[in-house]
Amino acid sequence: MKTARKVIDELNGKAILADEVGLGKTIEAGLILREYIDRGLVKKFLILVPASLGFQWTNEMVNKFKFEDILFNRKGRGWEYFDYQIASIDKAKRDEHAQYLKKIDFDLVIVDEAHKLKNRNTLNWKFINSLNKKYCLLLTATPIHNELKELYNLISILYPDLYSDFKNFKNKYVAGKHLVKNKENLQNDLEQVMIRNNHNDTELNFPDRNIKQVFVELSKKEKILYDKVTGYVKKEYQKRKNKNKSILNLLTYQREVCSSFEALEQTLRKKVNPGLELREIIRLLNEIKINSKIIKLNEILKEINDQVIIFTGYRATQNEIARCLEKQGYDTILFNGGFSSTGKEYVKFIFQKNKDVMISTEAGSQGLNLQFCNVLINYDLPWNPMKLEQRIGRIHRIGQNRDVIIYNLATKDTIEEKILNILYKKINLFKDVIGEKDDILNLNRDNLSFNSDIMEIIGESDEEEEMEEKIKELTERFQGVTGN
């Protein structure tokens, strides 16, 4: 109730609820909503969520807060006739629905996964900003991903007059693209608009995280394949650089070859008229029958006598993992963005009841409550630490009563190992780095810029030692992005 009272009594019912992943922002929002209704200050409210979380939110509101009259408006009908509604933001923002919603005077609007409002040029931001609302709650564990402008865009929905415009905000707090100035003053401003609790702030006894970094040795043929892909990427980088063409998609080849042969092959086969070098890479892909990462995954699973969640960034890898594990006798189920909201709830239900392994793409990293499971394997990892924290938050959350075990797989002597060793270890991600408001600001390096820098390092480095030295220098810049 501490958060609820602060929001209602001190923040005028307008706040960013930015608690760490797994601390129960849904529950906090429900407590605030219930308190407002009991005080007679809210009679009509709208909760906007990702489509996959609609049923979950509805269940929470009915079972925990006794909103029996709440409607999950899946079909988008009769917006004006229901006082208590939950809806998919993707459905609600469409013109045929938004035209009705913009005419309603809501006492309270709650937006889950509010980091999707970070860009004021998107339809998401414009729609939420246009709603008539007395009170508003924006829920996100990651109120800033890349730059301070994202934070400004969230604040301006709640308090448009706090800063006259972004130029005013920028003059106060932005020292450069990735530099913060007057940090103490910014922290004071945030106290007036944002509440963020980390695990240490609560009286709950959270289980520990047991992180296991697992390095995978490539076979001789796999190493030849990796080197050929790297060689192609270097040559293509120089060609595109000279012609001022985009280079970022070249990183996809590097990352896919570290994930699975199937992921890389699927991408390469989409190319029209692949050259000799790419045809040679495809030939090698078809020659290699055994993936060393899959072998290592099997070794890990043999040591675990419990349910397991596996995350990968690629659907082709997801399918290959499932195929190989089913051969070994594991009962698997897939989770990805291709399922409807009903389908996603069904997958979660079936996994909990009778499956050994759930293999998920990034679609499963937000909103799902999977604390009945305590083992997570990152088969490949995102280069954005915030996304990694979202994955871990599926099991390391309120209701978890066992220590969680997290395996991070990385292929040795590849760009994957270099990034993980230098970036993730040095920013100390797994020791509650993400949690304090100060630390959110410390992790504001633009992810696109970071990827561009990595691509440049790969393309420009002649020797392995040179590449490693440049990545270390980049990491030091990444860590030192804030000023005093």
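These legends go with several close-up views of one predicted model.

**View 1. The whole chain, counted up.** Residues are numbered from 1 along the chain as its sequence is written. You'll find 22 helices and 15 strands here (DSSP runs numbered from the N terminus: helices are H or I with at least four residues, strands are E with at least two). Of the 484 residues, 57% are buried (buried means under 20% relative accessible area, with a 1.4 Å probe and protein chains only). Take the contacts between residues at least 6 apart in sequence: 76% of them join residues at least 24 apart (a contact means heavy atoms within 4.5 Å).

**View 2. An open sheet of 6 strands.** Read across it and the order goes S10-S15-S14-S11-S13-S12, with parallel pairing (two strands pair if DSSP finds at least two bridges between them). At the edges sit S10 (209-216) and S12 (332-335), each pairing on one side only. From one strand to the next, the twist averages 20°.

**View 3. Strand S12 and its neighbours.** Strand S13 (residues 357-360) runs parallel to S12, and 4 bridges join the two. Helix H15 (residues 315-327) lies across S11 (308-311), S12 and S13, running at about 170° to S12 (axes are lines fitted to C-alpha atoms, for helices over the stretch in contact, and angles run from 0 to 180 degrees between N-to-C directions).

View 4. How many disulfides does a search of the whole structure find? The count is 0 (a disulfide is a pair of cysteine sulfur atoms within 2.5 Å). Cys136 counts as buried because its relative accessibility is 2%. Cys324 is buried too, at a relative accessible area of 14%.

View 5. The chain averages a pLDDT of 84, and 87% of the residues score at least 70 (pLDDT is the predictor's confidence in each residue, from 0 to 100). Confidence is highest in strand S5 (residues 105-111), at 97, and lowest in helix H19 (residues 429-433), at a mean of 29. Over residues 425-448 pLDDT stays under 50, and the model has 85 contacts beyond four places in sequence for them.

Methods: This is a predicted model: local features need pLDDT of at least 70, side-chain atom pairs count only at pLDDT 80 or more; totals for chains, interfaces and linings use all residues. Side-chain values use heavy atoms; hydrogens and water are left out. Buried means under 20% relative accessible area, exposed over 50%, partly exposed in between (1.4 Å probe, protein chains only).
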